Amino acid sequence: MNTLTPHRHIRLWHQPKLQPFQNPPRLKVKSLRLFPLNSSNHNSDSTSTSISREGAEQGIPNEDVRTLARFQSRHNNICVLQVSRRADHPLAGSRLLLLDKPGNIHSISHLFNPLTSSYLDVFATLPPIIPSGPIAILGFGAGSAARLVLHLYPKTIIHGYELDPSVISVAREFFSLSKLELQYRNQLSIFISDAIQSIPTLEDGFYSGILVDLYLKGSVIPQLQDTNTWKELKKKIHRNGRIMVNCGGRCVESEDPRRDGDVVKEETLKAMSEVFGEDKVFVLNLGGAKEEDSWVGLTGDLPDLKGWKGQLPSELCCHVDMWSPYTYIRERPNNKHL
């Protein structure tokens with residue numbers, strides 16, 4: 001299976017400098033990496049996007065990219081791009097939501113395929129390893145994660161939290177969110193609010209699982225490097241519930257150069273481990289040992305891998321064997337600041 005390691009994450013070389021409905025300049029996806037590369041351990045019969053390593057390093061020509069909308073909201077620099085189906089590129093035929101100046105991609109939508117070939121597909125592996133109950137998505141974006149989870153597990157109840165109402169408006173206009181809300185009107189609820197402060201807490205937790213995809217200005221939000229945040233989120237899940245987190249990594253470019261993606265990722269995972277226990281946090285790296293790595297974190301005990309695979313579609317089984325125990329890197333050669 002070929003998997004992109006975007007960030008939010010597939011970072012564009014240059015942010016388009018044009019007005020709405022004009023074509024952007026030639027784009028190059030710097031943080032694009034395909035998985036697996038030269039690996040025999042994670043074979044799959046997936047029918048998702050396939051392209052050579054050489055092709056992945058090529059840019060997308062002007063004529064294959066169209067800007068559908070671009071404007072500044074209260075919280076985000078919003079840009080919606082449409083990539084032509086004719087493009088010789090992993091993103092061919094996709095619609096992309098960019099929310100910050102460096103051009104990190106926050107949502108990916110393919111017309112006929114709910115899979116995204118990104119960390120969002122990893123998010124969709126969560127339902128089989130959590131108790132029955134609702135799932136919260138913190139950082140709903142254009143709804144890519146919700147769409148895939150509902151496609152695979154149609155009875156799932158999802159509560160999506162998004163800070164920026166303009167993002168939800170764009171999702172409804174350009175990413176068919178209105179259609180998804182109508183199709184799953186008894187299961188999908190969207191709340192325009194601060195995700196961490198707004199989600200409910202019950203005595204035994206409210207959610208069976210939480211998907212965390214919280215970014216601001218091209219970086220994992222600072223609250224996720226704070227143990228107090230994770231203590232609060234831990235209260236929101238059932239005793240046997242789990243949290244899966246997009247931790248970013250080198251693939252993410254922040255508007256603030258002081259917020260190095262690799263350091264932010266490590267500090268996020270460190271805070272998680274201090275609350276859940278270092279033996280209760282596992283990590284998955286979609287980018288391998290490459291410069292543009294992309295990390296996902298998972299809380300709880302390591303699930304039974306064979307049983308987990310048995311409840312997943314074949315396209316997603318390759319992710320199961322990629323999880324490994326988290327170990328905090330206590331010393332760094334470079335002194336970078338958050």
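Predicted model: local features only at pLDDT ≥ 70, side-chain atom pairs only at ≥ 80, totals over all residues.
Trainee: Thanks! Where is Asp279 found?

Mentor: Asp279 sits in the loop between H8 and strand E12 (281–285). For accessibility, buried means under 20% relative accessible area, exposed means over 50%, and partly exposed is in between (1.4 Å probe, protein chains only). Asp279 has a value of 58%, so this residue is exposed.

Trainee: Now the pocket, please. How much space lies in the largest pocket?

Mentor: First, the idea: on a 1 Å grid over the protein atoms alone, a pocket is an open set of points where a 1.4 Å probe fits, with protein on both sides within 12 Å along at least five of seven lines, and lining residues have an atom within 4 Å of a point. A volume is the space filled by probe spheres set on the points, and grid points are joined across faces, edges and corners. Here the largest pocket holds about 490 Å³.

Trainee: Which residues lie nearest the centre of the largest pocket?

Mentor: They are Ser109, His110, Leu111, Arg147 and Ser176, out of 19 lining residues. Strand E4 (105–110), helix H3 (144–152) and helix H5 (177–183) are the elements that each give two or more residues to this lining. H5 gives the most, with 3 residues. For the classes, Ala, Val, Leu, Ile, Met, Phe, Trp, Tyr, Cys and Pro count as nonpolar, Asp, Glu, Lys and Arg as charged, and the others, Gly among them, as polar. The lining has 7 nonpolar, 8 polar and 4 charged residues.

Trainee: What is the phi of Ser176?

Mentor: The general idea is that most residues other than glycine have a negative phi. Ser176 has a positive phi near 60°. Look for this residue in the loop between helix H4 (165–174) and H5, where Ser176 is partly exposed at 41%. Ser117 also has a positive phi, of about 55°. That serine lies in the loop between E4 and H2, and Ser117 is buried at 5% relative accessibility.

Trainee: How many aromatic pairs are there?

Mentor: A pair of aromatic rings is described by the distance of the centres and the angle of the planes. Rings of Phe, Tyr and Trp (its six-membered ring) pair if their centres lie within 6.5 Å; planes under 30 degrees apart count as stacked, over 60 as edge-to-face and the rest as tilted. The count comes to 4 aromatic pairs. Among them, Tyr119 and Phe123 are edge-to-face, with 5.4 Å centre to centre and 90° between the planes. Both belong to helix H2 (residues 119–123), 4 residues apart, about one turn of the helix, and both are buried. Phe206 and Tyr207 have ring centres 4.7 Å apart and planes at 80°, so that pair is edge-to-face. Phe206 is partly exposed at 24%, whereas Tyr207 is buried at 0%.

Trainee: Last one: how many disulfides does a search of the whole structure find?

Mentor: A disulfide is a covalent bond between the sulfur atoms of two cysteines. The search counts a pair of cysteine sulfur atoms within 2.5 Å, and it finds 0 disulfides. Take Cys318: the closest cysteine sulfur, in Cys317, is 7.8 Å from its own, too far for a bond. Cys318 is buried at 4%, and Cys251 is buried at 0%.

Terms used. Residues numbered from 1 in each chain as written. Heavy atoms only, no water.
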